[in-house]
Amino acid sequence: MAQQEDVFKKIVSHAKEYGFVFPSSEIYDGLSAVYDYGQNGVELKNNIKRYWWDAMTLLHENIVGIDSAIFMHPTIWKASGHVDAFNDPLIDNRDSKKRYRADVLIEDQIAKYDEKIAKEIAKAAKRFGDAFDEAQFRATNGRVLDLQGRRDALHERFSVAMNANDLNELRQIIIDEEIVCPISGTKNWTEVRQFNLMFKTEMGSTADGAMTVYLRPETAQGIFVNYLNVQKTGRMRIPFGIAQIGKAFRNEIVARQFIFRMREFEQMEMQFFVRPGEELKWFGQWKEWRLKWHKALGMGDEKYRYHDHEKLAHYANAATDIEFLMPFGFKEVEGIHSRTNFDLSQHQKFSGKKIEYFDPELNQSYTPYVIETSIGVDRMFLSVLCSAYDEEQLPNGETRTVLHLPAPLAPVKCAVLPLVRKDGLPEKAREIVDELKFDFATHYEEKDAIGKRYRRQDAIGTPFCITVDHQTLEDNTVTLRERDSMEQTRVAIADLHKLIHDRVSLASLLRKLR
Ligand code: ATP
């Protein structure tokens, strides 16, 4: 684990050193849990967004996009339940003065039991070798049974407390489990309190006339309140979906782990409107489609898992997370929720406007049910970065730091490098750049020895380096170096476009989703 933490620290500093992610307002000592994307980060982020957007709107005839405003009428947040219930339970440690989410402290404790059980199993597997039967070991080993029993009891107690919103019980669980503050090491805890996560601001010029508005904590409500506009103007028939990418804001109590939990972040959400009664079928379908989208990136199928929710939000009748194996464990990257007709019904009630759909096939009107897929751009970015980062031992004893980014997501697709800065090589290299730049993000670089330039491109994940040498001037061939294998092949300049396109185009990725 300590090793994994080291890796994570290295990823964070790599992200800064190579222009992916900078702490916000750094020259003023930063702003907690807010980050800026640099020259390479913005490209990677845009590519992730494009992959999602195209997968939604190009591959599904019945999904269209919108871009709604961040500010919305404040009653929307009353109707959605955010004003009253978008809370996290917080608890302070009196000695360290550090603030925690009570639910997260308990979830971490449950994870500790899981880790202990996994350790016992790994130890036994080593001892018994091929003859090891994990199911039997779990069913009979005294220590594992004891740990599992304590874990399950804790889990049950926690679920009940969360479902009942019982803050005293959450505190009692923390006391009974003897959970200590990781900073002070003490159990000197305050009461548990609810904390609303929405940011408020004022709209309007005069103090009297100003209206309190919220920075949206999710993009979904912009879709719900435009549902009828899109349905009517786009002549959409159920089932159909509306997709949106945009900023969301949450005043997170504990903002840790870099861009995993931010106060300003970006979401990619799609609401899929279906007939009542068909929602669970569509929920299953979207679960499958979304995992396929993730896996198509080729970052390793074993790094994903579903986490089905036991505690369902009051409006949901099924929910699951797609979790990704980050250096700090399996973590939620995307949520898929069956939200029933809760949101549309609430907006109907609060606005007094009819939001129904007339189904010509059934010859009846109803409020559609909704399946939502909701993914954080920044979390997706983090999962891609963590999975790509590698310190590779080379046969010559050196190490190279390389980002094995999925090629269609890489910020720079190819770098054109004249071997030396003379003899007409730079001019020839520029000619190649001028050909390629219309289709691919192309870098030109002439400074430093060629090996150093390769390393710099490896560090930002550039899939191809094209080297122009003296032979190029004679026969119009170049060397094409592939990032992951470091293999160099001699190819004709005329073939470059196709070779690169086959590997880096987004279309090649989208085709895998068919
Ligand atoms: P968590 O349990 O981690 O707080 P959540 O269940 O509240 O997340 P949702 O409301 O389902 O998250 O939001 C959908 C997605 O938005 C999440 O899967 C995540 O990728 C992203 N997201 C949510 N909160 C943040 C945040 N503070 N910073 C970055 N991304 C976030």
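Is asparagine 165 buried or exposed? Asparagine 165 is exposed, with a relative accessible area of 52%, and the cut-off for that label is over 50%. Keep in mind that this is a predicted model. Asparagine 165 sits in the loop between helix H7 (142–163) and helix H8 (167–176). Its backbone is worth a look too: phi is positive, about 55 degrees, although the residue is not a glycine.

Aspartate 423 also has a positive phi, about 60 degrees, and is not a glycine either. You'll find aspartate 423 in the loop between strand S19 (414–418) and helix H14 (425–436). With 45% relative accessibility, aspartate 423 counts as partly exposed, because that label covers values between 20% and 50%.

One more backbone detail: the peptide bond joining isoleucine 238 and proline 239 is cis, with omega at about 5 degrees. Proline 239 belongs to the loop between helix H10 (227–233) and strand S9 (240–249).

Now for the ligand. It is surrounded by 16 residues, and the closest are Glu252, Arg261, Met262, Glu332 and Val333. By type, the shell holds 4 nonpolar, 5 polar and 7 charged residues. Here are some polar pairs between protein and ligand:

| Protein atom | Ligand atom | Distance |
|---|---|---|
| Arginine 250, polar side-chain atom | oxygen | 2.9 Å |
| Methionine 262, polar backbone atom | nitrogen | 2.8 Å |
| Glutamate 332, polar side-chain atom | oxygen | 2.6 Å |

On its own, the ligand has 590 Å² of accessible area, and the protein covers 84% of that. The elements giving two or more residues to the shell are strand S10 (264–274), strand S13 (329–338) and strand S16 (369–376). Strand S13 gives the most, with 5 residues.

How does glutamate 334 count at 0% relative accessibility? Glutamate 334 counts as buried, because the cut-off for buried is under 20%. What does its side chain pair with? The side chain of glutamate 334 makes a polar contact of 2.7 Å with that of arginine 290. Leaving aside residues up to four places away in sequence, glutamate 334 touches Arg290, His294, Thr320, Asp321, Ile322, Thr373, Ser374 and Ile375.

Key
Residues numbered from 1 in each chain as written. Predicted model: local features only at pLDDT ≥ 70, side-chain atom pairs only at ≥ 80, totals over all residues. Heavy atoms only, no water. Near = heavy atom within 4 Å. Polar contact = N/O pair within 3.5 Å; in protein donor to acceptor, adjacent residues only side chain to side chain. Areas by Shrake-Rupley, 256 points an atom, 1.4 Å probe, with all protein chains shown as cover. Helix = DSSP H or I, 4+ residues; strand = E, 2+ residues; numbered from the N terminus. Nonpolar A, V, L, I, M, F, W, Y, C, P; charged D, E, K, R; others polar. Buried < 20%, exposed > 50% of the residue type's maximum accessible area, 1.4 Å probe, protein only. Contact = heavy atoms within 4.5 Å.
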